[in-house]
Amino acid sequence: MTSRGKSAVTPLRPPRPCPECGRPSARDTYPFCSARCKAVDLNRWLKGAYVIPARDDEEDEQRGDASKPGAD
Ligand SMILES: [Zn+2]
């Protein structure tokens with residue numbers, strides 16, 4: 001059973017708010033409300049604000065599972 005998205009059926013696509021300011025998006029600059037917000041977002045990309053830091057300590061997450069309480 002996979003429950004992806006909402007349970008309610010949405011025949012019409014709800015208007016998407018601008019990711020920058022939250023105002024209704026315009027068709028010309030979708031999904032942004034204006035060319036300005038679009039530029040702001042693009043600028044953020046160029047500045048590397050969206051860079052995801054790499055992790056190399058994944059093995060740490062495996063620990064701590066040894067002392068599992070058997071009975072509750
Ligand atoms: Zn906007």
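Modeller: In this predicted model, a residue is buried if 20 or more other C-beta atoms lie within 10 Å of its own, exposed if 12 or fewer, and partly exposed in between.

Colleague: What makes Ser25 count as partly exposed?

Modeller: Ser25 has 19 C-beta neighbours inside 10 Å, and since buried requires 20 or more while exposed requires 12 or fewer, Ser25 therefore counts as partly exposed.

Colleague: Where is Ser25 found, and with which residues is Ser25 in contact, leaving aside its neighbours within four places in sequence?

Modeller: Ser25 is found in the segment before helix 1, and its contacts beyond those neighbours are Pro15, Arg16, Pro17, Cys18, Tyr30, Pro31, Phe32 and Cys33. Of these, Pro15 is ten residues from Ser25 in sequence, with the two C-alpha atoms 7.1 Å apart in space; contact itself is judged on C-beta atoms, which must lie within 7 Å.

Colleague: Why is Val40 called partly exposed?

Modeller: Val40, which lies in helix 1, has 15 other C-beta atoms within 10 Å, and because that count falls between the limits of 12 and 20, the residue is partly exposed. Val40 and Glu20 are 20 residues apart in sequence, yet their C-alpha atoms are 7.8 Å apart in space.

Colleague: How do you know that the span of helix 1 agrees with its number of residues?

Modeller: Helix 1 covers residues 35-47, and at 1.5 Å a residue its 13 residues should span 18 Å; the end C-alpha atoms are 18 Å apart, so the two values agree. After the helix comes Gly48, whose phi is positive, near 85°.

Colleague: What makes the peptide bond that joins Tyr30 and Pro31 a cis one?

Modeller: Its omega is about 0°, and Pro31 belongs to the segment before helix 1. Most peptide bonds are trans.

Colleague: How many helices and strands does the protein have, and what percentage of its 72 residues is buried?

Modeller: The protein has one helix and zero strands, and buried residues make up 7% of the 72.

Methods. Residues numbered from 1 in each chain as written. Predicted model: local features only at pLDDT ≥ 70, side-chain atom pairs only at ≥ 80, totals over all residues. Helix = DSSP H or I, 4+ residues; strand = E, 2+ residues; numbered from the N terminus. Expected span 1.5 Å × (residues − 1). Contact = placed C-beta atoms within 7 Å.
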